[in-house]
Amino acid sequence: MSYLKFDKTLMINLEESLSREVLRTNRKGAYSCTTIVDCNTRKYHGLLVMPVPALDEENHVLLSSLDETVIQHGAAFNLGLHKYEGGAFSPNGHKYIREYTMETVPRSVYRVGGVVLSKEKTFSTTDNQILIKYTLLDAHSRTTLQFRPFLAFRSVKELTHVNGNANQSYETVTNGIKVCMYPGYPELYMQFNKKPVFVYEPYWYHGIEYPKEQERGYPYKEDLFVPGYFELSIKKGETIVFCGGDMPRKDLSQLPDFFDEEIKMRTPRSDFYNCLKNSAHQLLYKPNGKDTYLLAGYPWFKVRARDMFVAMPGATLCINEKNRFEQLIESAMPALRRFMEDGKEDAVIHEISDPDVLLWAIWCIQQYSIKAGTAEAKERYGALVGEIIRYIIAQKHPNLVLTDNGLLYSEGRNKPVTWMNSMINGKPVVPRTGYIVEFNALWYNALCFYKEQNEGQHSEKIDQLIEKLANSFPATFVNKYGYLFDYVGGANQDWSVRPNMVIALACPYSPLSRIQKRAALDVITKELLTPKGLRSLSPKSEGYHPICTGPQYERDLAYHQGAVWPWLIGMYLTAYLNLFGRSGVSFAERMLISLEEEISNHCIGTISEVFDGNPPFTGRGAISFLMNIASILDVIDKLRRYERSE
């Protein structure tokens, strides 16, 4: 039985099925994404969505959808589904779906009269190509399939409408056609493994709606162009494979074999761990085929420095992919060094100048050291760690000031400098400035790790800094109620109960005593812990805004003022296990059970970016988020180590 399976009852209930999305990606940043009933509900949805560097840095929807029609005894049954004005859905093809599974790739089984048709989709790992395999499982008479491609040729941030600039022509290619609606776009090749008949019947479909955009207060209606339809006959037991991409395929007769080879490279979604492993692989990004990065999430995130360093250990080391970790660091090291040398931002790794990025980079290398050993970590990355430590001590970072008490000071009133980076009217919603709790926890941890790597060879100044921090950190951040101030700016302390203090509890080296850690963890447990992660703000604190829905303004308010972030559960459970050891294992396992439920919701097989701060803790934001995936993989790895030790 498939781990991820949805029956007819759920599929025909659009309230349930339209809220569930499915994502396939490749290493070039291209993807295919829609709902499990193949009805697009976002402007980011499409069968083929890919970067077009000649135009801009955004992804672009080329092929929005492909409507299939089954013809038998002269009767046509359209399997497509689109939303139109007034809540109207057409052609209601979802009513023919009998089951939907995602063991390895998405698979829908349709039943139309005596016809039973299977549809499977995958995305080429190396090329910008969507592959769809149709297999006629049963039929009692002659069956014909028609395919209508809905074309968009637009940015994921825009919508398209009927216009006189669209090129409505096509050219015939082997077993299909190629089209290009506007200058600057690549040609879209649509081909089959057997020769179809293409009927040119150009038509604009008006007023297709995307409810997710409507919910967010954005424009949500567009018109899509259909140049005509393909028609092929199919026999019982026969397989037809469609390929849509920006390059022609020459080995068309081998498409079924190519499809099967792609499936063999996938991690089957047979359990929670494998779903997360599969999701981590989908966020790999190799834009030039050489350097390796991790995208922060889908469908709208790029490579972000902080996210990548926080997530790298969980997304590689915790799934036994040490070589991939090394590839990622090798790609990131030149960007880090370039920034430290001349302050230049990187073209691929965004936000590398944020003041905590260098600290997270050391934490990331420290996780490698824990897995691979101190000697190997020092040999590979010891020089980089030393460069970062000396760079910070020399006061070269534009927004990290080393003060006399050993603490680091950052200015964040006008521009967000931490991961809590939402803004309204050009100002940070959470203007964290001064001594920021996780910055200084990471700083203490970095200095101790550097000392560990260079025991007996480090300067006396490092020892002095560590000693200063051991005193100044608790004196600055621990308050009379036992938890930690989120940030301290001069005489002003932020008394809000926020989750960033958990990083001070989870770091391998912490300036806090066991008693101080326990007190802070108790407050986090009482006020921030939910089944999906940690709230970004306690319900008892001023400004609590737990529901992350509505227009951009409302969502920005909630983003870090009450919304739940699953990536912090990794830090929380790490701190919990550090304090309670084996006796904390059963609690950690129970926490993971609640997160496992999300594998069947929102985006199937992965974890959403944020969740509402109040029950029922609905998933929101980006449908697949790197730090969440990696953090949970890290917890699973820690629990498995306890199992092995037994």
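**Aromatic contacts and an open sheet**

Tyr-44, Trp-300, Phe-301, Trp-360, Trp-363, Trp-419, Tyr-559, Trp-565, Trp-567 and Phe-625 form one aromatic cluster, where rings of Phe, Tyr and Trp (its six-membered ring) pair if their centres lie within 6.5 Å, with planes under 30 degrees apart counted as stacked, over 60 as edge-to-face and the rest as tilted. This is a predicted model, in which local features need pLDDT of at least 70 and side-chain atom pairs count only at pLDDT 80 or more, while totals for chains, interfaces and linings use all residues. Residues are numbered from 1 along each chain as its sequence is written, and side-chain values use heavy atoms, leaving out hydrogens and water.

**Aromatic pairs**

- The count by this rule comes to 37 aromatic pairs.
- Phe-77 and Tyr-96 make an edge-to-face pair, because their ring centres are 6.0 Å apart and their planes stand at 85°.
- Phe-77 lies in strand β6 and Tyr-96 in the loop between β8 and β9, 19 residues apart, with strands being DSSP runs (E, at least two residues) numbered from the N terminus.
- Tyr-96 is buried, with a relative accessible area of 16%, whereas Phe-77 is partly exposed at 26% (buried means under 20%, exposed over 50%, partly exposed in between, with a 1.4 Å probe and protein chains only).

**Charges over rings**

- Lys-43 lies over the face of Tyr-218, at 4.7 Å from the ring centre, and the charged end of Arg-249 sits over the ring of Phe-258, 4.0 Å from its centre (NZ of Lys or CZ of Arg within 6 Å of the ring centre and within 35 degrees of the ring normal).

**Sheet**

- An open sheet of 5 strands runs in the order β23-β24-β27-β28-β29 with antiparallel pairing, where two strands pair if DSSP finds at least two bridges between them.
- β23 (401-402) and β29 (492-493) stand at the edges, each with a single partner strand, so one side of each has no neighbour in the sheet.
- Strands β27 and β28 run antiparallel and are joined by 2 bridges, and the bridge partner of Ile-436 in β28 is Tyr-487.

Notes: Helices (H or I, at least four residues) and strands (E, at least two) are DSSP runs, numbered from the N terminus.
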